[in-house]
Amino acid sequence: MADIPEKEKFTIVLFSGDLDKALAAFILATTAASMGMDVTMFFTFWGLNVIKRNEGSIQAKGFMRKMLNVLNRGGAKRLKLSRFNMLGLGTWMMKKLMRDSNVPSIDEFIKMAQEMGVKMISCSTSCGVLGLPDNAFRSGILDQAGAAFFLKEARESKITLFI
Amino acid sequence: MKADESLDCYGLRCPMPIIKTAQKMKQLKVGQVLEVISTDKGIKQDMPAWCKATGNECLGMEEAGEEIKVYVRKIKE
């Protein structure tokens with residue numbers, strides 16, 4: 001059996017804020033961590049919705065950003081399916097099917113990933129454009145970073161995914 | 001097959017049996033064997049892959065109906 005000299009790295013960009021795509025990202029992130037990999041998740045654009053805190057309102061500055069964060073509130077518990085949302089009915093049914101099949105929710109997956117040492121980083125440009133202050137996110141999200149940081153991580157990684 | 005510890009993952013789906021195995025294996029001593037009881041068919045491919053990635057040994061499997069018992073020996077910390 002081959003010895004692994006140092007921890008292999010796995011980097012995921014989560015661009016999408018859809019429930020189904022976030023699920024795929026977190027399944028892979030937690031499994032990679034359980035396999036001893038060093039996992040970094042980089043959240044950008046709609047993907048930032050996944051790590052927004054669930055409670056309270058998000059205080060963005062300016063009329064357009066305020067509106068955006070009302071219409072696009074986000075939070076792990078508010079994510080929708082990429083297909084068959086059907087005004088929330090499809091998402092409700094999928095969440096029920098997941099629960100009945102013993103699949104953890106995205107909220108549970110995020111907590112699990114954090115406990116397993118998965119690093120979560122938000123994209124600084126997206127945060128700026130979308131008007132997201134630091135307190136828009138749940139606890140345990142590391143500092144914001146940019147494209148150069150992601151590329152450095154990706155370059156050192158054995159696997160990189162864009163979801 | 002005889003095991004030192006058992007982990008019940010009945011009804012759990014991928015990736016939970018693997019994640020629970022990884023957590024449980026931390027409690028075992030080197031050389032000890034863990035029995036994982038799963039109903040997730042993917043475990044037949046997943047556990048050998050997990051063992052290969054982590055340097056542990058997948059000793060074998062026993063199938064009875066929908067239940068799959070997988071035996072893993074801890075090779076290193």
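How many residues of chain A are in contact with residues of chain B? Color the two chains separately and look where they meet: 12 residues of chain A touch 12 residues of chain B. Keep in mind as you click around that this is a predicted model.

You'll find an open sheet of five strands, with parallel pairing and the order 4-3-2-1-5. To find the edges, select 142–145 for strand 4 and 159–162 for strand 5 of chain A; each of these pairs on one side only.

Next, select residues 9–14, which make up strand 1 of chain A. Strand 1 runs parallel to strand 5 of chain A, and four bridges join the two.

Now bring in helix 7 of chain A by selecting residues 147–156. Helix 7 packs on the sheet and touches strands 1, 2, 4 and 5 of chain A. Its direction makes about 140 degrees with that of strand 1 of chain A. Then pick residues 19–34, helix 1 of chain A. This helix lies across strand 1 and strand 2 (38–43) of chain A, at about 165 degrees to strand 1.

**Stop two: the sheet in chain B**

What is the strand order of the open sheet here? Reading across its four strands you get 1-2-4-3, and the pairing is mixed. Select 5–9 (strand 1) and 57–64 (strand 3) of chain B: these stand at the edges with a single partner strand each, so one side of each has no neighbour in the sheet. The twist from one strand to the next averages 20 degrees.

Move on to strand 2 (residues 33–38) and strand 4 (residues 67–73) of chain B, an antiparallel pair with six bridges. Show Leu34(B) and its bridge partner in strand 4 of chain B, Val72(B).

Finally, select residues 16–25: helix 1 of chain B lies across strands 1, 2 and 4 of that chain, running at about 155 degrees to strand 1.

How values were computed. Residues are numbered from 1 along each chain as its sequence is written. Chains are lettered from A and ligands numbered from 1 in the order in which they are written. This is a predicted model: local features need pLDDT of at least 70, side-chain atom pairs count only at pLDDT 80 or more; totals for chains, interfaces and linings use all residues. Two strands pair if DSSP finds at least two bridges between them. Two residues are in contact if their C-beta atoms, placed from the backbone, lie within 7 Å. Axes are lines fitted to C-alpha atoms, for helices over the stretch in contact, and angles run from 0 to 180 degrees between N-to-C directions.
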